[in-house]
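User: I am new to this structure. Please pick one part, look at it closely, and then show me what lies around it.

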Amino acid sequence: MEISSKVRLTQPLVRDNGSHRPASWEEALDRVAQGFRTQVQKHGPGTFGMFSCSKTVNELNYATQKFVRAVIGSNNIDSCNRT
């Protein structure tokens, strides 16, 4: 798909009553954060896991593992560094 494609998303969409509607980045990110919070409170931090890519820079992999361990409270993080 081209960057100038007419079907390319240019803003976040959120689901309301079974259908998607455009939203601000602030609203979309708030919904994601609230979803993480809700599931962690309901099922514990072990319900959360993240996969990080070995092809990204070390700083991003560090920030990702720090987020999962310090903010979420889970050790469920993995990457494809072994391959």
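Analyst: Salt bridges first, then rings

E27 counts as partly exposed, at 24% relative accessibility. Buried means under 20% relative accessible area and exposed means over 50%, with partly exposed in between (1.4 Å probe, protein chains only). The model is predicted: local features need pLDDT of at least 70, side-chain atom pairs count only at pLDDT 80 or more, and totals for chains, interfaces and linings use all residues. Residues are numbered from 1 along each chain as its sequence is written, and side-chain values use heavy atoms, with hydrogens and water left out.

Start with the partner of E27. R21 forms a salt bridge with E27, and their closest N and O atoms are 2.4 Å apart. A salt bridge here is a side-chain nitrogen of Lys or Arg within 4 Å of a carboxyl oxygen of Asp or Glu. R21 is partly exposed, with a relative accessible area of 28%.

R21 also bridges to D16. The closest N and O atoms of that salt bridge are 2.4 Å apart. D16 is partly exposed too, at a relative accessible area of 27%.

Next comes R31. It forms a salt bridge with D16, with the closest N and O atoms 2.8 Å apart. This pair links distant parts of the chain: R31 sits in helix α1 (residues 25–43) and D16 in strand β1, 15 residues apart. Helices (H or I, at least four residues) and strands (E, at least two) are DSSP runs, numbered from the N terminus. R31 is partly exposed, with a relative accessible area of 35%.

Now put the pieces together. D16, R21, E27 and R31 are linked in a network of salt bridges. A search of the whole structure finds four salt bridges.

What holds the strands beside this network? Strand β1 (residues 13–16) and strand β2 (residues 19–22) pair in the antiparallel sense, over four bridges. Two strands pair if DSSP finds at least two bridges between them. D16 has S19 of β2 as its bridge partner.

Now the rings. The structure holds two aromatic pairs. F36 and F48 form an edge-to-face pair, with 4.9 Å centre to centre and 80° between the planes. Rings of Phe, Tyr and Trp (its six-membered ring) pair if their centres lie within 6.5 Å; planes under 30 degrees apart count as stacked, over 60 as edge-to-face and the rest as tilted. F36 lies in helix α1 and F48 in the loop between α1 and β3 (50–52), 12 residues apart, and the pair links distant parts of the chain. F36 is partly exposed, at a relative accessible area of 32%. F48 is buried, at 10% relative accessibility.

F48 and F67 have ring centres 6.4 Å apart and planes at 75°, so this pair is edge-to-face. F67 is in helix α2 (residues 58–72) and F48 in the loop between α1 and β3, so the pair ties together parts that are 19 residues apart in sequence. F67 is partly exposed, with a relative accessible area of 29%. F36, F48 and F67 form one aromatic cluster.
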